[in-house]
Amino acid sequence: STTENSDIKRNETELPMCFDEVPGDFGPVPVNKTEVELDWVEKLYPEIQLGGMYTPPNCTARHKVAIIIPFRDRQQHLAVFLRHMHPFLMMQQVEYGIFVVEQAGNSEFNRAKLMNVGFVESQKLKAGGWQCFIFHDIDLLPLDLRNMYSCPRQPRHMSASIDKFHFKLPYEDIFGGVSAMTLEQFTKVNGFSNKYWGWGGEDDDMFYRLKKVGYHIARYKMSIARYAMLDHKKSTANPKRYQLLSQTSKVFQKDGLSTLQYQVVKVTLNHLYTHILANIDEPS
Ligand code: BGN
């Protein structure tokens, strides 16, 4: 009977495993950079659960992935990003949540510290915890479904091939933009540094940490790791980044998750994302 059938469907243990790669002919996907209203995007994806969480309904997900997005003053990008990412991630059959971590206060933007906050806070919001963390700039939109939002055995640099950089890798050791690390990888390196205020270097710092503990960086081939970048103003570079980078491999166990200090101002479970507003200023 129908009742029996739906009972079977709801029983998770009976579900087949989700695929590990998007099958067949799927690959390139279009992007739409047109600015849209968040209210309108919400109506497009009623199947997304509160907080921007999703579990594939018809298969058992192989990956439980927290997407962590450092954020400030990019309201115009948020709806465009969510409109692109939700259908993309649903197509990949991953179990995921989207966490937008916004910096309160007036200090320089600290992307890396916000990502540490996103790691800690997202983990509190998932029963059993996330296994995979994808740190994601809000201005990057993936262009190919074969670019799986999962965590392989080595940390993966995902945004290798960006339109704004003419789809060329800027330099071999780059780890910025979008990167994926397992829970184990991220905790082993003590997370990101908390010390990079202003633009640049925090991703290189992570690269040095990973290298120091013996990981190497995985990447998809350039025809798959393709992204479109949304337009924005250039930020001012942090002049201290070279000095900080010269110390990383010596001091990283004393700067990161182990020394992270912040206050959560507010956590809001919106329909398409969890908003974490945090004060990360250093106590004066
Ligand atoms: C690099 C930045 C990265 C940034 C990439 C791409 C530094 C450290 C001194 C070499 N690194 O130059 O943080 O992701 O450009 O924009 O500035």
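Me: What should I know about numbering and cut-offs?
Reply: Residues count from 1 along each chain as its sequence is written. In this predicted model, local features need pLDDT of at least 70 and side-chain atom pairs count only at pLDDT 80 or more, while totals for chains, interfaces and linings use all residues.

Me: Which strands make up the open sheet, and in what order?
Reply: The order is S5-S9-S7, three strands with mixed pairing. Strands are DSSP runs of E, at least two residues, and helices are runs of H or I, at least four, numbered from the N terminus. Two strands pair if DSSP finds at least two bridges between them.

Me: Which are the edges?
Reply: S5 (140-142) and S7 (161-162), each pairing on one side only.

Me: How does S9 pair with S5, parallel or antiparallel?
Reply: Antiparallel, over three bridges. Leu140 stands opposite Met229 in S9.

Me: And S7 with S9?
Reply: S7 and S9 (residues 226-229) run parallel, joined by two bridges. Ser161 stands opposite Arg226 there.

Me: Switching to helices. How do H6 and H7 cross?
Reply: The axes of H6 (residues 202-212) and H7 (residues 241-251) come within 9 Å and cross at roughly 20°. That makes the two helices roughly parallel, a label for angles under 35 degrees. Axes are lines fitted to C-alpha atoms over the stretch in contact, with angles from 0 to 180 degrees between N-to-C directions.

Me: Which residues make the contact?
Reply: Asp204, Asp205, Tyr208, Arg209 and Lys212 of H6, with Leu244, Leu245, Thr248 and Ser249 of H7. Contact means C-beta atoms, placed from the backbone, within 7 Å.

Me: How far apart are the ends of each span?
Reply: For 18-152, the end C-alpha atoms lie 16 Å apart, and the span is 28% helix and 21% strand. For 156-233, they lie 27 Å apart, with 22% helix and 17% strand.

Notes: Parallel < 35°, antiparallel > 145°, perpendicular 65-115°, else oblique. Contact = placed C-beta atoms within 7 Å.
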